[in-house]
Amino acid sequence: MARLLVTGGAGFIGANLVQYWAAQYPDDRIVVLDALTYAGNLASLESVSNHENYRFVKGDIVDKELVERVLREEQIDTIVHFAAESHVDRSISGPAAFIETNIVGTHNLLHAARAVWLDSDDAPASHRFHHVSTDEVYGSLGPDDPGFTEATPYAPNSPYSASKAASDHLVRAYHHTFGLDVTTSNCSNNYGPFQFPEKLLPLMIVNALDGKPLPVYGDGSNIRDWLYVEDHVRGIDLVIKNGRSGETYNIGGNEEWANIDIVRAICQGIDEAFSSDPTLAQRFPGAPAASGGQSASLITSVKDRPGHDWRYAIDASRIEGELGFSPRHDFATGLQATITWMLDQEPWWRAVMDG
Ligand code: NAD
């Protein structure tokens, strides 16, 4: 039986991992530590809130005393570290919070883990610190470049990716210098249930339903690899359970899409949903699809983001070969599931947008 501390567990991927873990390993203890910033929502954890092995602690990973106290009193042996400022646009308008949470906060967790797991008499027999990171640390690719491998040199270009790169290096250093048992996963863009509607997919879905413009940076040619969140969570599980200590694993979906094609696919999915369900026109009267129009008429080009990386792609052969990982959703099925979830869960996204 494991005893998990999930930082950032009220955020998008963290909440998906907590729900998955509680269903998969009901005997494991799950303690969520989350500051409940704008991106964290207790409503995303409602389905596990009555689980007897679950506890929520509202708090900041920068709070040293709190982190160490929770590790000791809950006898945590596994940290799954999601807590971060995660939106690139916000890192451009206000980088300081990214330095504080992503770098200082990660260091604080490592420091506390070292104190409790390596320098205490009552340390657990074994431990694992799993750090959740991003493919954005590797920088940008040209059209014909091969995907990022774990050996690709770091070249972060935004304050967000630079802060994540710094946190990755700290995790590595705590393994090599102090012997902490760590793993890191660098994943491509996630999408799926419980994603805050500032990120591409949920933002476009909400705006199309409300009849608002669908803003696309520049010509929309920027390419990302996309992975359905449930597949990411399964990949993290494999790395925690079977990944080699001190190692990093790239996780990707083998689904490279240009932003403009994603937005068009969303528009088509919404138009089809309105054609097959007439009640949607009553629920979302502002949507073009409600009056026989096309969601794509809302697509609007906006000034490009400064320093916008052009292409990311992942070579996931290490996690596939070593740990047997493969995504269960392709982009078409994942997008369909996401649109259906958003249509079914309007109260969730209205509530999180209202703060
Ligand atoms: P998110 O923004 O949805 O959630 C972040 C969570 O962390 C929120 O619940 C927030 O309240 C919490 N948090 C923020 N600052 C905190 C602090 N100081 N102390 C405690 N809690 C704090 O993020 P996400 O999209 O779920 O991403 C989770 C992790 O996965 C991040 O580390 C991110 O870098 C990484 N990642 C995300 C993606 C993606 O596509 N979303 C892809 C690869 C990696």
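Student: Which side chains meet R244 and E247 in a salt bridge, and how is such a contact defined?

Tutor: A salt bridge is a side-chain nitrogen of Lys or Arg within 4 Å of a carboxyl oxygen of Asp or Glu. Here the side chains of R244 and E247 meet one another, at 3.2 Å from N to O. This is a predicted model, in which local features need pLDDT of at least 70 and side-chain atom pairs count only at pLDDT 80 or more, while totals for chains, interfaces and linings use all residues. Residues are numbered from 1 along each chain as its sequence is written, and side-chain values use heavy atoms, with hydrogens and water left out.

Student: Is E247 buried or exposed?

Tutor: Buried means under 20% relative accessible area, exposed over 50%, and partly exposed in between (1.4 Å probe, protein chains only). E247 is buried, at 19%, whereas R244 is partly exposed, at 42%.

Student: How many salt bridges does the count come to?

Tutor: The count comes to 20. One of them joins E198 to R90, with the closest N and O atoms 2.8 Å apart. That pair links distant parts of the chain, 108 residues apart: E198 lies in the loop between strand 7 (189–191) and helix 6 (200–210), and R90 in helix 3 (residues 88–93). Helices (H or I, at least four residues) and strands (E, at least two) are DSSP runs, numbered from the N terminus. E198 is buried, with a relative accessible area of 14%, and R90 is partly exposed, at 34%.

Student: Where do D237 and K241 lie?

Tutor: Both belong to helix 7 (residues 229–242), 4 residues apart, and are therefore separated by about one helical turn. D237 is buried, at 5%, while K241 is partly exposed, at 43%.

Student: What describes a pair of aromatic rings?

Tutor: Such a pair is described by the distance of the centres and the angle of the planes. Rings of Phe, Tyr and Trp (its six-membered ring) pair if their centres lie within 6.5 Å; planes under 30 degrees apart count as stacked, over 60 as edge-to-face and the rest as tilted. A search of the whole structure finds 17 aromatic pairs. Among them is the tilted pair of Y174 and F178, 4.8 Å centre to centre with 55° between the planes. Y174 and F178 both lie in helix 5 (residues 159–178), 4 residues apart. Y174 is buried, at 7% relative accessible area, and F178 is partly exposed, at 33%.
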